[in-house]
Amino acid sequence: MLPWEHSDCPTRIAALMDAMRLHPLTLQFADAATERAFWTGYTTRMGRQVRWLLLLGVGMLVPYGLVDARVAPEYAGTLWGLRIGTAGTLAGIVSVLFARRAQRLFTPVVALASLVTGLGLVAVGWYWGLAGTLSTHPGIIVLLFFVHVLIRMRFVHAALVGAVISAAYLAQLSMHPVATGLDVLEQGAALRVANVVGRAASYTLERYARRVYWQTRRLEARGEELHVANTELTNALDHLQSTQAQLVQSEKMASLGQLTAGIAHEIKNPLNFVTNFAGLSQELVAELEAESDPDERSALLADLKACAAKIDKH
């Protein structure tokens, strides 16, 4: 039976094709089981990279504290407290990802870590004043790059986290008494560009990862079908070879039977002839013993010699 003749083959191929139908916004697979399998494998592969990137983010908060002490010494204590609190909270959140079976917590933990970092930067800007808010703007941009690209959050979650952080930043900027509308517009435009570019990158990366997963599953299914077909062909070949050997043996036995029958026939004809003449000879001997006439005995003896000659001839 060929691979495409399997009763379950069309169903399996159809399931794979259904899995490639993605939601245009959330990028989820149409099949829930396929979605779970993809996300489990994805978080397992990306877990180590994300953990160390988040720890790198924790480490990046420390140099900013050293800068605070020189640029804004009057706020150094408060800013240090905010940064240390943010770093400690972030480290505690990230430590959850190092636990066993942390795949289920991957999305909420990463989203929470990103929000804590972003809101920590917003709080630093609020306490520092307008100058501090403007100085944390590059940090917000870098954080958006982390959220959308490096830590590989799902597109919808990254878009939501980026929107919340940007909204919080712009809200606290607009509440500064000395902040102008132009400041809000400039910072907002930069954040919008960063979010749009980040979302496009996040969308593209996630869609590519899902497509690779779908193609891999398709190749695995096709390889399994080929393996089944190869096994069946191997079994069919073995059966054919066994049948061929049986046919050859049957032909040999049939030929041997014909040869034996021919030999038996060739032996039986002269044997019957000899048997008949032997019986006739026995009758002549009996008559010879009973006959007293010399002439009759001579005739019987001549017949007996003729029979013996016939037997000798055959």
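Visitor: Which residues form a nonpolar patch on the surface, and what accessible area do they have together?
Guide: This is a predicted model. In it, Met253, Leu256, Leu259 and Ile263 make up a nonpolar surface patch. Together their accessible area is about 390 Å².

Visitor: Is leucine 259 buried or exposed?
Guide: Leucine 259 sits in helix H7, which covers residues 181–290. Its relative accessibility is 51%. The cut-off for exposed is over 50%, so leucine 259 counts as exposed.

Visitor: And threonine 40: buried, exposed or partly exposed?
Guide: Threonine 40 belongs to helix H2, residues 32–71. Its relative accessible area is 47%. Buried needs under 20% and exposed needs over 50%. The value falls in between, so threonine 40 is partly exposed.

Visitor: What separates the C-alpha atoms of threonine 40 and phenylalanine 106?
Guide: Along the chain, these two residues are 66 residues apart.

Visitor: How many helices and strands does the protein have?
Guide: Read along the sequence, the pattern is α-α-α-α-α-α-α-α. That gives zero strands and eight helices.

Visitor: What span does helix H4 reach from its first C-alpha to its last?
Guide: Helix H4 runs over residues 106–128 and has 23 residues. At 1.5 Å a residue, 33 Å is expected. The model comes close to that, with a span of 33 Å.

Visitor: Which residue follows H4, and what is its phi?
Guide: The residue after H4 is glycine 129. Its phi is positive, near 105°.

Visitor: Which residues touch the most other members of the largest nonpolar core?
Guide: This core has 43 residues. H2, H3, H4, H5, H6 and H7 each give two or more residues to this core. The members touching the most others are Val50, Leu54, Val110, Ile140, Ile151 and Met153.

Visitor: What percentage of the residues count as buried?
Guide: The protein exposes about 18900 Å², and carbon and sulfur atoms supply 64% of that. The protein has 314 residues. Of these, the buried share is 34%.

Visitor: What share of the contacts with a separation of 6 or more comes from residues 24 or more positions apart?
Guide: Take the contacts with a separation of 6 or more. Residues 24 or more positions apart account for 70%.

Terms used:
Residues numbered from 1 in each chain as written. Predicted model: local features only at pLDDT ≥ 70, side-chain atom pairs only at ≥ 80, totals over all residues. Heavy atoms only, no water. Helix = DSSP H or I, 4+ residues; strand = E, 2+ residues; numbered from the N terminus. Buried < 20%, exposed > 50% of the residue type's maximum accessible area, 1.4 Å probe, protein only. Contact = heavy atoms within 4.5 Å. Areas by Shrake-Rupley, 256 points an atom, 1.4 Å probe, with all protein chains shown as cover. Patch = residues over 30% accessible without salt bridge, like charges linked within 9 Å, V, L, I, M, F, W, Y side chains within 5 Å. Salt bridge = Lys/Arg side-chain N within 4 Å of Asp/Glu carboxyl O. Expected span 1.5 Å × (residues − 1). Core = buried A, V, L, I, M, F, W, Y, C linked by side-chain atoms within 4.5 Å.
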